[in-house]
Amino acid sequence: MNQTAKRILVVDDEKMLRESICTLLDLYGYKAIGAENGFQAKQLIGDFNPDLVLCDVKMPQMDGYEFLNTMRQGSGGFGIPFIFMSAKVEKDDIRKGMNLGADDYLTKPFVKEDLLKAIAIRMDRYINLKSSFQQAGETEGLNLKFSRDEVNEKLVKLTKTEKKVLRLVAEGKTSRQIAESLFVSFKTIENHRANMAEKLGISGKLSLITFAVSIRPYLD
């Protein structure tokens with residue numbers, strides 16, 4: 001196995017499905033390890049240090065929601081891409097997962113192409129995000145927590161375009177990448193970022209990047 005292979009933690013109480021996913025991921029160059037419930041997965045987080053988590057919702061001992069909540073509260077699991085897998089996905093279930101910090105949902109049964117695509121998209125965003133933090137010299141503030149009411153109170157100050165820019169910042173996009181995505185100039189995006197920082201009262205160690213990542217679940 002390549003030492004640089006991205007690590008994926010697969011959490012599902014269905015042994016056959018869990019092992020099949022791990023085998024598939026291994027074949028496509030990832031390093032995968034399985035856990036049969038959230039409790040077991042929680043114990044593996046520190047040692048395995050995954051780059052992404054695939055997790056079932058309904059499991060014994062500790063379900064997916066509880067595991068995700070526990071993981072997001074700890075510094076070691078903050079920011080790691082998290083994809084739920086569920087046979088039944090209702091709007092309320094998706095909203096609950098996103099509010100806890102999930103990045104995506106896959107509906108069972110799914111084909112390998114959908115699984116690999118979802119992983120690639122979230123992994124790329126995570127890599128871009130880490131790169132943005134490194135470039136900005138951000139080392140603190142990643143565990144800031146805001147309630148939905150606090151976020152809504154702040155976001156109401158922003159224009160529709162500014163919210164769109166903030167969402168892209170939360171995904172780890174640079175100003176140049178955002179400009180290309182929205183078909184505007186680099187200077188325009190920089191002005192938007194400056195205006196948002198002023199409206200939100202952001203300064204010092206609390207950068208726009210840190211704030212955007214902290215409230216990312218509310219921006220989807």
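In strand β5, D104 is the bridge partner of I83. Strands here are DSSP runs of E with at least two residues, helices are runs of H or I with at least four, and both are numbered from the N terminus. β4 and β5 pair in the parallel sense over four bridges, where pairing of two strands requires at least two DSSP bridges between them. The model is predicted, so local features need pLDDT of at least 70 and side-chain atom pairs count only at pLDDT 80 or more, while totals for chains, interfaces and linings use all residues. Residues are numbered from 1 along each chain as its sequence is written, and side-chain values use heavy atoms, with hydrogens and water left out.

The open sheet consists of five strands in the order β2-β1-β3-β4-β5, with parallel pairing. At its edges stand β2 (31-35) and β5, each with a single partner strand, so one side of each is left without a neighbour in the sheet. From one strand to the next, the twist averages 20 degrees. Axes are lines fitted to C-alpha atoms, for helices over the stretch in contact, and angles run from 0 to 180 degrees between N-to-C directions.

Helix α1 (residues 15-27) lies across β1 (7-11), β2, β3 (52-56) and β4, and runs at about 170 degrees to β2. Helix α2 (residues 38-48) also packs on the sheet, where it touches β1 and β2; its direction makes about 145 degrees with that of β2. Contact means heavy atoms within 4.5 Å.

Four aromatic pairs are found in the whole structure. Rings of Phe, Tyr and Trp (its six-membered ring) pair if their centres lie within 6.5 Å; planes under 30 degrees apart are stacked, over 60 edge-to-face and the rest tilted. Y65 and F84 form an edge-to-face pair, at 5.3 Å centre to centre and 70 degrees between the planes. Because Y65 lies in helix α3 (residues 64-73) and F84 in strand β4 (residues 82-86), this pair ties together parts that are 19 residues apart in sequence. F84 is buried, with a relative accessible area of 0% (buried is under 20%, exposed over 50%, partly exposed in between, with a 1.4 Å probe and protein chains only). F84 also forms a tilted pair with Y105, at 5.3 Å centre to centre and 40 degrees between the planes. This pair links F84 in β4 to Y105 in β5 (residues 104-107), 21 residues apart. Y105 is buried at 12% relative accessibility, and Y65 is buried at 9%. Ring pairs link Y65, F67, F82, F84 and Y105 into a cluster.
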